[in-house]
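Please keep the sequence and the structure in view while reading.

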Amino acid sequence: MLYEDDSVQIKLWGVRGSLPSPLDPRDYRSRVHDVLKSASSIWKKEPDLSVEDVYSRLSPPLAGLVGGDTTCVEVRSGDEQLIFDMGTGARRLGYDMMARGQKGDLHVLMTHTHWDHIQGWPFFAPGFIPGNHVHFHSCIPDCEERFSRQQQFEFFPISFQDMMSDKTFHTYEQGDAFKVGSFDIQTESLIHPGGSTSYRVDRDGKTFIFATDTEFYGPELEDLIEEKKSFFKDADLLIMDAQYSLKESEQKIGWGHTAMVIAVDCAIEWGVKRLALTHHEPAHDDFTTYKLFEEALEHNKQYGDKLDLILARQGDVLEL
Ligand SMILES: [Zn+2]
Ligand SMILES: [Zn+2]
């Protein structure tokens, strides 16, 4: 057993969209500066507070990072595991799996193969271990060729085939359902350049949906939300693409991403209970991301706080 109980834990190993975006040294210095200023003003008022107390009072963008690694999400329950996408967050997930001695069958569910969803694979240590068997699930008929192409010698020194794990590709049609262990999984196509797949995971009466790289926008928005309702309906937790501000989504029609406030509209219309906003724009610093999140919270308030709204941050663990 990896966990003591049978609850479902969802760990976010990468929440950045499009491109890894590590913290720039200048941003780091300015962040430390703001932390020191904020902490010293707290201590001035209450000099007896411990470091931990002061830390807990810092504003969220000062107390932590949104995170720069691209999409990778791990779902675990007991000794069962699903991995969604192989963005750069998969590197740290791989180290973690090695450290806990996880071996055998691994299941990777691919939304699509844009760089930010595959780049972590050649750095995913369990993929190099003989005896491990990686099952790739997707709605992409040539998924294996796409992974192989990423590791042509001009781009990476070790070929996909030379990674020592066994690999099997399972291909579905959009709309198909399949099972991995005790997880019942349903696929659904999303609007995105080149297509993307959303996965609905049902287990023990609880539902988790992963829907990234999807564009909900345009004159047909209401129809689109209605069309997708039966798939997204009443999910306990939805992790959804929310890369843009509303203005950016107007400027970037056809780029395949959704504004935070529109993700809120969608989730409320679908009766979702908890919404985690992810695939953050790499050009946004954390203060901008939190500002958009504040707007999303405000938007949710206008609906009477129907949603439990979360900003997805690297390293967060959500429980189902
Ligand atoms: Zn992406
Ligand atoms: Zn994409």
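Leucine 277 stands opposite leucine 311 in strand 13. The model is a predicted one, in which local features need pLDDT of at least 70, side-chain atom pairs count only at pLDDT 80 or more, and totals for chains, interfaces and linings use all residues. Residues are numbered from 1 along each chain as its sequence is written, while chains are lettered from A and ligands numbered from 1 in the order in which they are written.

Helices (H or I, at least four residues) and strands (E, at least two) are DSSP runs, numbered from the N terminus. Two strands are said to pair if DSSP finds at least two bridges between them. In general, strands of a sheet pair through backbone hydrogen bonds, either parallel or antiparallel.

Strand 12 (residues 274–278) and strand 13 (residues 308–311) pair in the parallel sense over four bridges. Strand 12 is also joined to strand 11 (residues 237–241) by five bridges, and these two strands run parallel. In this pairing isoleucine 239 stands opposite alanine 276 of strand 12, and the bridge partner of methionine 240 is leucine 277. Strand 12 is mostly covered, with four of its five residues buried. Here a residue counts as buried if 20 or more other C-beta atoms lie within 10 Å of its own, as exposed if 12 or fewer do, and as partly exposed in between, with C-beta atoms placed from the backbone.

These strands belong to an open sheet of seven strands in the order 7-8-9-10-11-12-13, with mixed pairing. Strand 7 (177–180) and strand 13 are the edge strands, each pairing on one side only. From one strand to the next the twist averages 20°; axes are lines fitted to C-alpha atoms, for helices over the stretch in contact, and angles run from 0 to 180 degrees between N-to-C directions. Helix 9 packs on the sheet and touches strand 11, strand 12 and strand 13, its direction making about 155° with that of strand 12. Contact between two residues requires their C-beta atoms, placed from the backbone, to lie within 7 Å.

Helix 10 (residues 286–302) forms a right-handed β-α-β unit with strand 12 and strand 13. A crossover is right-handed if, with the strands pointing away from the viewer, the path from the first strand over the helix to the second runs clockwise. Helix 10 lies across strand 12 and strand 13, running at about 175° to strand 13.

The largest nonpolar core has 66 residues, of which Leu238, Met260, Ala263, Leu275 and Leu277 touch the most other members. Helix 9 (residues 260–270) gives the largest share of this core, eight residues. Such a core is a set of buried Ala, Val, Leu, Ile, Met, Phe, Trp, Tyr and Cys residues joined through C-beta atoms within 7 Å. Leaving aside neighbours within four places in sequence, leucine 238 is in contact with Ile209, Ala211, Phe232, Ala267, Val272 and Leu275.

Tryptophan 255 sits in the loop between helix 8 (246–251) and helix 9. Is tryptophan 255 buried or partly exposed? Tryptophan 255 is partly exposed, because 15 other C-beta atoms lie within 10 Å.

Another open sheet also has seven strands, in the order 6-5-4-3-2-1-14, and its pairing is mixed. Strand 6 and strand 14 (317–319) stand at the edges with a single partner strand each, so one side of each has no neighbour in the sheet. Strand 5 (residues 133–138) is joined to strand 6 (residues 166–171) by six bridges, and the two run parallel. Phenylalanine 136 stands opposite phenylalanine 169 in strand 6. Together with helix 5 (residues 143–150), strand 5 and strand 6 make a right-handed β-α-β unit. Strand 5 also pairs with strand 4 (residues 105–109) in the parallel sense, over five bridges.

Helix 4 lies across strand 1, strand 2 and strand 3, running at about 125° to strand 1. In helix 4 (residues 89–99), Gly89, Ala90, Arg91, Leu93, Gly94 and Met97 are buried. Just after helix 4, glycine 101 takes a positive phi of about 70°.
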